[in-house]
Amino acid sequence: MKISNNLIGILNFLTLILSIPILLTGIWLHKQATSECERFLEKPIIILGVFLLIVSLMGFIGGCCRVTWLLWFYLFFMFLLIVVLFVFTIFAFVVTNKGAGESLSNKGYKEYRLGDYSNWLQKRVNDNGNWNRIKSCLQSGKLCIDFHSQFLNDTADKFYLQHLNALQSGCCKPSNDCGFTYQNPTNWTMPAGGTYTNPDCDTWTNDPKVLCFNCKSCKAGLLDNLKTNWKKVVVVNIIFLIFLIIVYSIGCCAFRNNRRDGWKRY
């Protein structure tokens, strides 16, 4: 058996083993999920597990058992995966290229403006259905409850020097534009009859279940967090793409070996 066939068999056997815990995780989430956030993850995980299982079986049997038609389908799906990953990598780079936090004088944290981010991302978070699901996840994840506990004993001066992350800054406290008086991290005194240029000031409430989850700054904080994570994903995707191209090239060699051996037998 040719070296390329052996390599394809080994690589796909490892991927086959990897697909089993991924699939089991998806099934476990389907049965045990208690929140909308967990249920949101179950279908993509199950689809990924099934896809890896089927494609790995194609590559393993096609490479080791010299089943040429299975190897052809394996290469076809691998090519589609490479194209999809390449397009997603370019897309992720483009949509996360805009937007950054605004530094404030004498403040350790930054503030975030929704208009600074790409129009595509803005449309996603401005959709009420999407935002209600995201907001539910943030609330069930106790984002602002943990924020309140972490900084509860801070004086105003100390709090203003804290290096808050984008979600904490955008969702759990009012904007610096509002000029509210600090009482504790999630409780601020609003001046009577105040008028504001920033609509988030009217949206803010001291209700711990609401706070600034309906503010544009919260959506901007989410997008900044997403931007940071997607940039990491882009790096991982580039590495994974290189790996897939190498595997695809080995698969092409194995496919050529299968066809050559088939012609010799003929």
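Helices (H or I, at least four residues) and strands (E, at least two) are DSSP runs, and I number them from the N terminus. I'm looking at a predicted model, where local features need pLDDT of at least 70, side-chain atom pairs count only at pLDDT 80 or more, and totals for chains, interfaces and linings use all residues. Residues are numbered from 1 along each chain as its sequence is written, and side-chain values use heavy atoms, with hydrogens and water left out.

**Entry: the annotated spans**

I checked UniProt, and its unreviewed entry lists "transmembrane region" for residues 7-29, 45-64, 71-95 and 233-255. Those positions are in the numbering used here, feature names are shortened, and annotations may be inferred rather than shown by experiment. I looked up two of the spans. Residues 71-95 come out as 100% helix and 0% strand, with the end C-alpha atoms 36 Å apart. Residues 233-255 are also 100% helix and 0% strand, and there the end C-alpha atoms lie 31 Å apart.

**Entry: Phe77**

I found Phe77 in helix H3 (residues 68-95). Buried or exposed, I wondered, or partly exposed? Phe77 counts as partly exposed because its relative accessibility is 27%; buried means under 20% relative accessible area, exposed over 50%, and partly exposed in between (1.4 Å probe, protein chains only). Leaving out residues up to four places away in sequence, Phe77 touches Phe51, Val55 and Met58, where contact means heavy atoms within 4.5 Å.

**Entry: disulfides**

How many disulfides does a search of the whole structure find? I got four, a disulfide being a pair of cysteine sulfur atoms within 2.5 Å. I looked at three of these.

Cys144 and Cys172 have their sulfur atoms 2.0 Å apart. The torsion about their S-S bond is about -85 degrees, so this disulfide is left-handed. The pair links distant parts of the chain, 28 residues apart: Cys144 sits in helix H6 (residues 143-151), and Cys172 in the loop between helix H8 (166-171) and strand S3 (181-184). Both Cys144 and Cys172 are buried.

Cys178 is joined to Cys201, S to S 2.0 Å. This link is left-handed too, with -95 degrees about the S-S bond. Cys178 is in the loop between H8 and S3, while Cys201 is in helix H9 (residues 200-203), 23 residues away.

Cys212 and Cys215 form a disulfide with S to S 1.8 Å, left-handed at -90 degrees.
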